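Here is a brief report on one protein chain. Look over the sequence and the model first, then read on.

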Amino acid sequence: AETTGPGRSDTIMLIRTGAGHAARLSIPRDTVIAIPGHGLQKINAAHEFGGPAESVSVIKSWLGIPINHVVEVNFENFPQLIEAMGGVTYSGGCIISKLDGGFADGGFTLRLSAGTHHIDGRQALALARTRENLCAPNETDIQREEHQQALFNDMKSRLLSPSSFLRLPLIAWNAPPAIISDMSGTELLGMFAALAITGTPPTHVLNPTGAITLPDGEDGLTISEGARRADVARFMNG
């Protein structure tokens with residue numbers, strides 16, 4: 001499953017479910033890999049070069065695993081989907097995030113104290129996009145991936161809850177603009193149901209082992225072959 005922003009991949013999450021097993025693996029967007037024809041690039045650049053098909057091709061080759069389906073979540077329409085679901089619950093540490101300059105500059109400011117909060121669509125979008133947490137300056141893109149997986153967990157729980165049956169028409173109306181997939185609605189629900197049966201797999205992020213500066217001056221993350229193989233093995237056997 002791949003969540004995307006307007007025109008580019010924002011973060012990549014792989015989900016494996018079925019046969020009584022489930023696992024998830026997030027790939028930080030700043031991970032640097034070799035993209036055919038483009039040299040060393042951040043992994044999310046593959047979406048810019050060739051859309052979902054290019055992203056899937058690059059990830060399959062880099063990780064050496066099959067990918068059967070793609071789910072894109074468009075962040076532009078993400079808030080409407082969350083609102084249709086009645087909001088989501090987030091538990092975690094303190095979050096202070098100023099997106100696009102925060103309220104003072106016409107953007108959005110998110111403030112959450114440590115603990116559990118029921119948040120609306122705009123807050124959920126801000127949490128998913130947060131890259132700089134002023135409440136915890138030492139956090140990295142790894143924590144951002146974990147925040148997104150926490151949101152995914154509650155979205156899954158809400159879709160499978162009895163109260164969702166009352167909201168299904170509204171969810172169905174808002175989901176198409178927010179979710180693009182080669183799976184049918186029935187297949188998507190089947191995926192969520194399979195995840196529910198197998199339980200929530202542990203949060204795991206493909207952890208970087210080094211850093212690199214690209215020719216354009218941007219900083220990226222690198223992952224050694226050994227670390228990558230170990231993470232992939234854990235994902236495939238989880």
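Does Asp 231 count as buried or exposed? Asp 231 counts as buried, because its relative accessibility is 7%; buried means under 20% relative accessible area, exposed over 50%, and partly exposed in between, with a 1.4 Å probe and protein chains only.

This is a predicted model, in which local features need pLDDT of at least 70, side-chain atom pairs count only at pLDDT 80 or more, and totals for chains, interfaces and linings use all residues. Residues are numbered from 1 along each chain as its sequence is written, and side-chain values use heavy atoms, with hydrogens and water left out.

**Helix α7**

Asp 231 sits in helix α7, residues 225-237. Leaving aside neighbours within four places in sequence, Asp 231 is in contact (heavy atoms within 4.5 Å) with His 204, Val 205, Leu 206 and Asn 207. Asn 237 is also placed in α7. Asn 237 counts as exposed because its relative accessibility is 64%.

| Residue | Relative accessibility | Class |
|---|---|---|
| Asp 231 | 7% | buried |
| Asn 237 | 64% | exposed |

Asn 237 and Ala 22 are 215 residues apart along the chain, yet their C-alpha atoms are separated by 8.9 Å.

**Fold and cores**

The protein has 7 helices and 13 strands. These are DSSP runs numbered from the N terminus: helices are H or I with at least four residues, strands are E with at least two. Of its 238 residues, 46% count as buried. Take contacts between residues at least 6 apart in sequence: 64% of them join residues at least 24 apart.

A nonpolar core is a set of buried Ala, Val, Leu, Ile, Met, Phe, Trp, Tyr and Cys residues joined through side-chain atoms within 4.5 Å. The largest one has 22 residues, and Leu 14, Ile 27, Ile 43, Ile 59, Trp 62, Leu 63 and Leu 206 touch the most other members. At least two residues each come from β2 (8-18), β3 (21-27), β4 (32-35), α1 (45-63) and α7. Helix α1 gives the largest share, 7 residues. Another core, of 21 residues, lies apart from it and includes Leu 112, Ile 119, Ala 124 and Met 155.

**Confidence**

The average pLDDT (the predictor's confidence in each residue, from 0 to 100) is 80, and 76% of the residues score at least 70. Over residues 1-9, pLDDT stays under 50. The model has 39 contacts beyond four places in sequence for residues 1-9. Where pLDDT is low, the predicted coordinates should not be read in detail.
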